Amino acid sequence: MILIVGIMIFNSNVDAIGVSPARKTIDFSPGYKETVTFNVLNNEHKDMKVIIYVEGDLNESIKLSETLLEFKANENNKEVNYEITLPTKLTEPGTHENKIVVREIPDKQAGEGALVSASAAVIHQLQVLVPYPGKYAKASLTIAETTKGQPLSFLLTVRNLGTQDIVRAKGVIDIYGANNEKIAMIQTDEKGIKSKQRDDLVAGLDVKGWNPGKYYAKATIIYDGDTTTTESTFSLGDFYIEILDINVKDFKLGQIARFNILIDNKWGEQIKDVYAEMIINDKNGDEITRFKSANEDVNGNSKEELTAFWDTAGVKEGTYTGKITVYYQGKQTEKELRAAITLNAIKVDLIGITAEAVNLSSGRDNTMIIVLVVVLISVNVGWFVYFKRKEKIKAQTQGNHEQK
Amino acid sequence: MKKLTEMIKENRKIELVIGGISLFILLLGFINFNSNLVLVSPKDVVTQRQPEFSWSGSYDNYNLIVENENNPLVNVTVDENYYRLENQLPFGVYYWYVIAEEKKSETVRFELRSIVAIKQDNGILNEGNSRVKVDYEEDGITGAAILDVNSLLKKNITKARIEQDE
């Protein structure tokens, strides 16, 4: 499991110092004990030292397995454990936030005039939730992803942070358009929610005939005479940018390559601050470089070319794999790529991400079919040989009888 | 001699029957393997907020369902063997499966895990998968900022602390 987590984090292509997971939440219970694990990431792949320490009102209750980590450039991540033992009493209700700070120790070797990087710290949060007296609800709103034209499903996740059970909780969701005009109002089902538990209140909304665009949903949760609110936005229509083509013109190996990335905005409105990031890997799949394009605004239902540059000094001829990701308003479109680099050209082919994975799977099916065929052929040959031999023996026996 | 011919005929009949049964099993296996719904990814732990779901099978349409503990957060019909989410999932544990022509795949669990990660690149670049709060010092002056994923805080920062905000 540790290995899997390590691999997954390594594969996430985060090029930075970091922590994962970034947050752990525990419900308060007197004397509760738990060992929590998080990873410190060294995806900049550099030699570095980090110190780890605890901040917060429960710092006396948290025991770290490590307080100093030393990374070599080839080490991707290291695991840190801490044991939390909650006190018998915490009087203040609400969220008690404690911080496990992972701070990089600045390199003291940097000489005068050299560029010294900032002393950066990333934080793993440990939140301890102490129940509020009585009934206390906290909610979040998620709009389920459905097939275009199908009714939308609104999920109000309500968490009862109070000491008492909530008997009846119900949500009322108001939907507003781009000009802040109220368009619709829907109600969720009604449920009881036990103390320290959470549940979803669900409502459906038929959006047939609605214009494509952004909408704003404001939810009010009414529970046993009290209320709380939450909000979210959602889009209708094809809010999507497609990557159509990547080409490089007038290229010479060793010089700066200009990548022209053709994208298509399928959305009916302009999308601002769109940019692409390309990652190039060597034949072993290890990243050798990543570079970004400038940000561009892309008009609705139109194509645009993003430009990114790569200095190919020291790069050898050959076939490289990689990935291109286009980022836009919190979303991203991603495609695998293969780049054939020669002295005078770079030819980039885009690959469907899942194509290989699916082929792998169908390959497994084919292998099983082949095995089955071989087994059946062997059985048939076996039967054939058996009958032929039997036939021969019988013929011989009959011949002997006739001779006699 | 006549008896021998009859025996050979009998054996051939048996061979034909066995061959037929073999072919039938083969055909059945082929149909079964091609209609098998095998979930490929995601599994275990992921950090991509809009993960791509992929599976194998030979049907015209698939119904992809991704659930939290209680309800579907994704319920889409697609005609490909993959689907990338259009919206970001909240961090947490999910279960997903695929239905095609009333045949349901196994259910696979995965965890979407948060990462707070930065890169120092003419400032602080948020390279994690969640919005972060940055407390920083610049020439002895302190400040704070909220940074979306892939956003850059372009400042001459000497000291910084970064934590998940959302």
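**A sheet in chain A**

Select A:Phe154 and A:Ala203: the two are bridge partners, with A:Ala203 belonging to strand S15(A). A strand here is a DSSP run of E of at least two residues and a helice run is H or I of at least four, both numbered from the N terminus. The model is predicted, so local features need pLDDT of at least 70 and side-chain atom pairs count only at pLDDT 80 or more, while totals for chains, interfaces and linings use all residues. Residues are numbered from 1 along each chain as its sequence is written, and chains are lettered from A and ligands numbered from 1 in the order in which they are written.Now widen the selection to strand S12 (residues 152-160) of chain A and S15(A), which pair in the antiparallel sense over eight bridges. Two strands pair if DSSP finds at least two bridges between them. Strands of a sheet pair through backbone hydrogen bonds, either parallel or antiparallel.

In what order do the three strands lie? The order is S10-S12-S15 (chain A), in an open sheet with antiparallel pairing. Strand S10 (137-143) and strand S15 (198-205) of chain A are at the edges with a single partner strand each, so one side of each has no neighbour in the sheet. From one strand to the next, the twist averages 20° (axes are lines fitted to C-alpha atoms, for helices over the stretch in contact, and angles run from 0 to 180 degrees between N-to-C directions).

**Cis bonds and positive phi**

Most residues other than glycine have a negative phi, and most peptide bonds are trans. The next stops are exceptions.

Select A:Ser20 and A:Pro21. The peptide bond from A:Ser20 to A:Pro21 is cis, with omega near -5°. A:Pro21 sits in the loop between strand S1 (17-20) and strand S2 (23-27) of chain A.

Move to chain B and select B:Ser41 with B:Pro42. The bond between B:Ser41 and B:Pro42 is cis as well, with omega near 5°. B:Pro42 lies in the loop between strand S1 (38-41) and strand S2 (44-46) of chain B.

Next, select B:Asp44, in strand S2 of chain B. B:Asp44 is not a glycine, but its phi is positive, near 60°. Is B:Asp44 buried, exposed or partly exposed? B:Asp44 is partly exposed, because 15 other C-beta atoms are within 10 Å. A residue is buried if 20 or more other C-beta atoms lie within 10 Å of its own, exposed if 12 or fewer, and partly exposed in between, with C-beta atoms placed from the backbone.

Then select B:Asn150, in the loop between strand S13 (141-147) and strand S14 (152-153) of chain B. B:Asn150 has a positive phi of about 65°, and counts as partly exposed because it has 18 C-beta neighbours inside 10 Å.

**Nonpolar cores**

Select A:Leu156 and B:Leu64, which have the most contacts inside the largest nonpolar core, a set of 43 residues. Such a core is a set of buried Ala, Val, Leu, Ile, Met, Phe, Trp, Tyr and Cys residues joined through C-beta atoms within 7 Å.

Which residues does B:Leu64 contact, leaving aside neighbours within four places in sequence? They are B:Phe53, B:Val74, B:Val76, B:Val78, B:Tyr83 and B:Val98. Two residues are in contact if their C-beta atoms, placed from the backbone, lie within 7 Å. Apart from this core lies another, of 34 residues, including A:Ile100, A:Val128, B:Ala160 and B:Ile162.

**Whole chains**

Finally, select chain A, which has two helices and 26 strands. Of its 404 residues, 26% count as buried. Then select chain B, with one helix and 15 strands; buried residues make up 31% of its 166 residues.
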